[in-house]
Amino acid sequence: MKKFFSLLCIATFLISCGGSKKAVTSTSRTKRPTPRQTSVTTVERSTKEVIREELPKKAVKKPATTLSYKERVQHYIFEFSDIAKSEMKTYGIPASITLAQGILESGAGYGELTTRAKNHFGIKCHDWEGERVYHDDDLAQECFRKYDHASDSFRDHSLFLKDRKRYARLFTFSKKDYKSWARGLREAGYATDKKYPEKLIGIIEKYQLYNFDNEVLGRKPRKQKEKQAVPVITTTPIINTNSDEHLVQKGDTLYSISRRYKISVQQLKAYNNLADNNIKIGQVLKIATEDEEEDFN
């Protein structure tokens, strides 16, 4: 009887232990945390959206071949007229003169020296201590100043004229008298081209650059006078082979012009700062250089 009672107690104890283990196991399973995948997905999506919004957009500049010369000039005036007016206020050089020189010397911003060195006025090294580039001009591989920004070139142009005694007479002219400034630059040795003043004046009047001078001086804009139509000459003009310039005619190429004047195509391109062989009817090309040294390209 005692044995039976003992066995009954042992059986009861074992049954009670098994039940508690199951209860513990069940409790541990219910307390185990479950991962929240939804919140992780939301974070990844928001990060991707932020990155997509901050991607920079590239500014695409139209190649020169898609623009006419007139369009290049108009873009140049739009981009640099404010700088020219600012320089006029500070140094007294007419904005019309600065813009006309920049257009002429830089090929309206597309010349080789301008694209390589941001040198809009063809200023040579002289006493320059900054960066420099070498470019074929009157002589092969002449030294020219290099700038980080176009505005630096405009400022150096102002200082170059202001600080040199040879250009002092220019500052005695009225700021509205762009014709005297154009002629004075040539007389002071700015360029050896005999037609340099006429070229500057032609650019100023064609694109009405004198209105930028008037803005700085507080004068009313001047309207351009309408010119009478000039009859077109259909016959090919006689070319003076003793001249130092050539007016491009229909059918002309750099090769044919070089043969006519007995110079190489490379010399012809160097004289005129041409980056390629493209020329246009009515374009004036230099076909010779003069012995006189010039400060600018």
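**Disulfide and burial in a predicted model**

In this predicted model, C125 and C143 are joined by a disulfide, with an S to S distance of 1.9 Å.

Trainee: What makes the pair C125 and C143 a disulfide?

Mentor: The cut-off for the two cysteine sulfur atoms is within 2.5 Å. The S to S distance of C125 and C143 is 1.9 Å, so the pair meets the definition. By this rule, the count is one disulfide.

Trainee: Where in the chain do C125 and C143 lie?

Mentor: C125 is in the loop between α5 (112–117) and β1 (132–135), and C143 is in strand β2 (residues 142–145). The two are 18 residues apart, and the pair links distant parts of the chain.

Trainee: Why is the disulfide of C125 and C143 called left-handed?

Mentor: The torsion about the S-S bond is about -65 degrees, so the disulfide is left-handed.

Trainee: How do you know whether C125 and C143 are buried or exposed?

Mentor: Buried means under 20% relative accessible area. C125 has 5% relative accessibility and therefore counts as buried. C143, with a relative accessible area of 18%, is buried.

Trainee: Why is E142 called buried?

Mentor: E142 has a relative accessible area of 15%, so this residue is buried. E142 lies in strand β2.

Technical notes: Residues are numbered from 1 along each chain as its sequence is written. This is a predicted model: local features need pLDDT of at least 70, side-chain atom pairs count only at pLDDT 80 or more; totals for chains, interfaces and linings use all residues. Side-chain values use heavy atoms; hydrogens and water are left out. Helices (H or I, at least four residues) and strands (E, at least two) are DSSP runs, numbered from the N terminus. Buried means under 20% relative accessible area, exposed over 50%, partly exposed in between (1.4 Å probe, protein chains only).
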